[in-house]
Amino acid sequence: MAEEQRKPKKRMTATKAAASIGPMVKEFITGTNRARAEGKRKLAYTFIVCHHEEILRAMDVLPVWTENFAGICGVKRAAERFLQKAESLGFSRSLCTYALCGLGFDQWREELGEMPPDAPWGGQARPDFMISSGQILCDPRTKWYQAAQQFMPDVPIYNIDLPHPLFDPKKDHREVWGYYHKYIVDQLRGLVSFVEEQTGKKMDYDRLRELVALSDRTWNLVHETYELRQAVPCPMGTGDAMNTMVPLCFMMATQEAYDFYVNLKQELEEKIARGEGEVEDEKYRLLWGGGLPAWYALNDFNYLNSKGASFPAETTYRMVVPIYEMDIPETDDPIEHIAWKWLGYWTHWYDKARNRPGSEPDVERLIEYIENYKIDGVVMHLAFSCRTWHVGLIWQLHQLAKIYRPIPVLMLGGNGKGDKVQRELPSLILESDIIDITSYSEMDTRNKIDAFIETLESVRQTKAA
Amino acid sequence: MSEKTAVMSRVDRYYEDYGLRAKELSREGTKIIGYICSFVPLEMITAAGCVPFRLRGNIREPITKGDTLMETIVCPFIRSCFDLALKGRYDFLSGMVIPHACDSMVRGYSAWSFSLELPYFHFVNIPSVVKESSFEFFQHELNAYRNSLEDLVKKPVTDADLSSAIKVHNQNRTKVRALYEFRKADPPILSGTELSKTLVVAASLPIHESNELLDEVLAEIGTRQESPFQPGPRILIDGPCVDNMELMKIIEDLGGHVVTDTICNGTRDNWPRVNENKAPLTAIANRYLAGINCPKTYRENKAGTFEGDIKARFGDIGYFSKSFKVDGAVLYTYKFCDPFGFEVPARKAYYESIHVPLLYLEDLYSAGTIGQLKTRIQAFLEMIE
């Protein structure tokens, strides 16, 4: 039996909140299909982390998160036939497999005039329009929908350009961010006009202001909730966080998302009070330091848990910093605020990085989490098809080891006595893909994990006081 | 040795010992600024009194050091350039400019800037869309770029400096166009390999020397009374940067002629001009944002139809195919190249619409694939002959 067809063992979650995510995702996928059938609301293909959810929701547009649908195909090990479809159209398998899965699916749906057979959770609804996003990263975000227009030429695109200043150790980003802000505001106002044109409705700015405030509260709450994971033992790990990212990435500007984190926070507080960790006997605290997960192999988190490894923090999908920690100008204009929030998030680690010689924002973030969450080692995942989140990881680990050596160990010196030296954190890079299961070997992955655990254990035993 | 042999021999020498002249200039105190992509506004570097230098990769050199700091999922061309830079092949550089082009370039920025430890490193944020506000933003960004160079050279870069740099770079583009003209004859007077090699070398020289070299090559080719080649299929190369000659050589060794292209170090670098009648920053912004047709830039589908969209996006292919009377095209992309990769089906459809037979090749920027390329190109040439 092909690996693709083998039903994966369900990952065990540490929290009830994480366990509740599956039905929630199913509902918003089936919900878009219901909305399509009813025809009352406009549907928009779009991407996460574009800071435009408030605008869409204020105008009653239902987002169809195309990365999410591809991820679901990955989780259900049902992506291969859509990837093959895309390949048959002339797309290389080396490209972003989320996009390939989406394009294969869309072409098939358009060809049939109905959902492809056995489409996961009823399939992905046809959009009324598409909102892509040229950012400072992720080429597929600009190219995916443009390519999809070959099969859906009648579906218009609005592409929002959302740049941010890149880190320069010698320059304060605030010297240039004024014109970045103006540009992003122009882009977002352009989006409002486009959506007004598509929906025939005018933007209700009071409603937008309320939704922006709700998103801000949710951001702060997510931060405060995730900070609880600093507790020893850690009450919730990255495996669960790959579920609890759903309201943050796909349901912002909704009360439901806010309530979800209220409940999660309460659940974590209760677990901490009971001294209940993600794993029963927590031996190693690991940082998921980068890379999207292999969605079809989330069980690997359980495998790591079984070795006494917990994941109190991750950089992936934790796309928030508390608003009150952001050094951004205040404004009553919701669009201007969204633009400042965008810049505030992307430049959040710049000042800290400038203050540590050899550091850089992504590295600085790793250091911050390592210190705050008492981390013993770093794990990353290198997905071959995604350059956006996976290029730079090797260099980050290299630079981290160069500038940050937090572990005191005793080494035998030339005089035969033990000398205390500082060493870097052990790290592990796993390799496969986000949804292309053909790139994954469970045996190789677990062998690598076993070797990494041995290293962690050896460090634990030689750690000097 | 005749005069014409002398100039082409010089091209060969500069091509084989790439960076030879830049190295000499660097020793004399000139600041050499490296770049990899068509999006880097070169006029600014020249206006600052520095020399823009296009980095090359090397398909025959295995990537070793580069792989210790950069993932193998990066575009193989960029990896090769990075590898050579790490190995010290470009140790004469005073700095580098990296633009917001593709993910491979942007996400690798820290690896480049921290590993090479050059005195100057600058990132130019090229907008992803072509709208009125994009031009305004881009002009601010160009100004920041200008300021960064002023800090390096410790003197102001004035509009007058920019205007004269624009002029001399436009002269360069005019000369390149004149070289392309020699390929309109059937069979062409100038081979694709000769032209591409000349362009690779020209991008490694100070702009005035580059102009002088092009003048000499033009003079030499101008002495050719008739084509030294046998008739054969006329080919257009479409794709990103192709700075090693093997692809052209394979086509030409098999009897074809590379007569034109839409590659970065070909027409993408050299065709669009900066408007000399506009304010320098405005004109540079227009040239590099609206003029450079790279798949990285999103261009709105104004036609509302797929056919209209591809005509607008790939019209340059149609223009070059017609002007140079091509018999077929090779769409040559690198593995892991998202900007070009996502356009392959649309480009194929466009070629079909203009009735130009197409061979699509996805390659690894490695000498290891030459054999495979030969087989596929041979079959293609036989098919269209």
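Q: What does the secondary structure of chain A come to?
A: Chain A has 18 helices and 10 strands. Those are DSSP runs numbered from the N terminus: helices are H or I with at least four residues, strands are E with at least two.

Q: And how compact is chain A?
A: Its radius of gyration is 23 Å, close to the 23 Å from the globule rule for 465 residues, so chain A is as compact as a globular protein of that length. The radius is taken over C-alpha atoms, and the rule is 2.2 Å times the number of residues to the power 0.38.

Q: What should I know about the source?
A: It is a predicted model: local features need pLDDT of at least 70, side-chain atom pairs count only at pLDDT 80 or more, and totals for chains, interfaces and linings use all residues. Residues are numbered from 1 along each chain as its sequence is written, chains are lettered from A and ligands numbered from 1 in the order written, and side-chain values use heavy atoms, without hydrogens and water.

Q: How much of chain A counts as buried?
A: 65% of its 465 residues. Buried means under 20% relative accessible area, exposed over 50%, partly exposed in between (1.4 Å probe, protein chains only).

Q: New topic. How many disulfides are there over all chains?
A: 0. A disulfide needs two cysteine sulfur atoms within 2.5 Å.
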